[in-house]
Amino acid sequence: MSVPGGKAADTSGMVVLRGGTFRMGTDDPDGFPDDHEGPVREVTVGPFAVDPYAVTNARFAEFVDATGYATDAESFGWTYVFARFLPGSLRGASPRPRQTPWWCGVSGAYWRAPEGPGSAVDDRWDHPVVHISWRDASAYCAWAGRRLPTETEWEYAARGGLDQARYPWGDELTPGGRHRCNIWQGRFPVRDDASDGYSGTAPVDAYEPNGFGLYNVSGNVWEWCADWFDARSEGRVMRGGSYLCHDSYCNRYRVAARTSNSPDSSSGNLGFRCAADL
Ligand SMILES: [Ca+2]
Ligand SMILES: [Ca+2]
């Protein structure tokens, strides 16, 4: 596929998967019934390619430099930043949603200034780009000759060849005491011990990859998928959880977990990875 004004499709650097039949979803009692993680069902997925990593700040900068693209966060003039990351002045001045008061709606925050005016990604070029809406992610993909993965593709790739494991690497969160993903440790949302090494985003190649060579499907940043959340939903699917996920509040770093957001929404823990047809 070639895209007008964009690059020709190029799957170099991507993980090529043959596809097959796998058991999708979970009946795990720790799942969220309202999220429709179950029932477990056999699903067949065709061959496709998928990025081993989430799209980085460096890759997104190439797109913006080439096209002048402005993200939804820039158009709206604000996006959601985790309150603890903000200096006190900005924290006090930014409105918070009543249901999720650990977020602040920060004026002037966007992917290149992820904590608002004065912040930068200069030390985070290899971290996942954040504050990216579904529409922004789709625009990047169109430019790059790629596309968002379907939810089925995402879960097939994230499972890494394991059948019904809880995480992309197995059933234990920290096998042998080793951290395998970037989530929250401590008491959410007041104290993050960051014993996994990171209190915000981590480089996209942190930790060991899963059996298919994909990094950080669980944790680090949520990843947009192509699909609507369900037939009646106005939200697009997000998978994998983020550095803010914790067992006590949001254990959606389980590989079957899912949630959604409206296509123009963005936040400091939401990014994407690309897929492509073969
Ligand atoms: Ca962490
Ligand atoms: Ca992820």
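**Strands, a loop and the whole chain**

Modeller: Thr-79 stands opposite Val-106 in strand E6. A strand here is a DSSP run (E) of at least two residues, a helix is a run (H or I) of at least four, and both are numbered from the N terminus. Note that this is a predicted model, where local features need pLDDT of at least 70, side-chain atom pairs count only at pLDDT 80 or more, and totals for chains, interfaces and linings use all residues. Residues are numbered from 1 along each chain as its sequence is written, while chains are lettered from A and ligands numbered from 1 in the order in which they are written.

Colleague: How many bridges join E5 to E6, and which way do they run?

Modeller: E5 and E6 (residues 103-107) are joined by 5 bridges and run antiparallel. Two strands count as paired if DSSP finds at least two bridges between them.

Colleague: Is E5 covered or open?

Modeller: Mostly covered: of the 5 residues in E5 (residues 78-82), 4 are buried. Buried means 20 or more other C-beta atoms within 10 Å of the residue's own, exposed means 12 or fewer, and partly exposed is in between, with C-beta atoms placed from the backbone.

Colleague: What about Ser-248, buried or exposed?

Modeller: Ser-248 counts as exposed, because it has 9 C-beta neighbours inside 10 Å. Ser-248 is in the loop between strand E10 (236-239) and strand E11 (258-261).

Colleague: How far apart are Ser-248 and Leu-17?

Modeller: They are 34 Å apart in space, C-alpha to C-alpha, and 231 residues apart in sequence.

Colleague: New topic. What order does the open sheet of 3 strands have?

Modeller: The order is E1-E4-E13, with antiparallel pairing. Strand E1 (15-17) and strand E13 (275-276) are the edge strands, each pairing on one side only. Strand E4 (residues 48-50) is joined to E13 by 2 bridges, and Ala-49 stands opposite Ala-276 in E13.

Colleague: Which domain does UniProt place here?

Modeller: An unreviewed UniProt entry places "domain: Sulfatase-modifying factor enzyme-like" at residues 12-275. UniProt positions are in the numbering used here, feature names are shortened, and annotations may be inferred rather than shown by experiment. The end C-alpha atoms of residues 12-275 lie 12 Å apart.

Colleague: And the protein chain, how many helices and strands?

Modeller: The protein chain has 5 helices and 13 strands. Its radius of gyration is 18 Å, close to the 19 Å from the globule rule for 278 residues, so the chain is as compact as a globular protein of that length. The radius is taken over C-alpha atoms, and the rule is 2.2 Å times the number of residues to the power 0.38.
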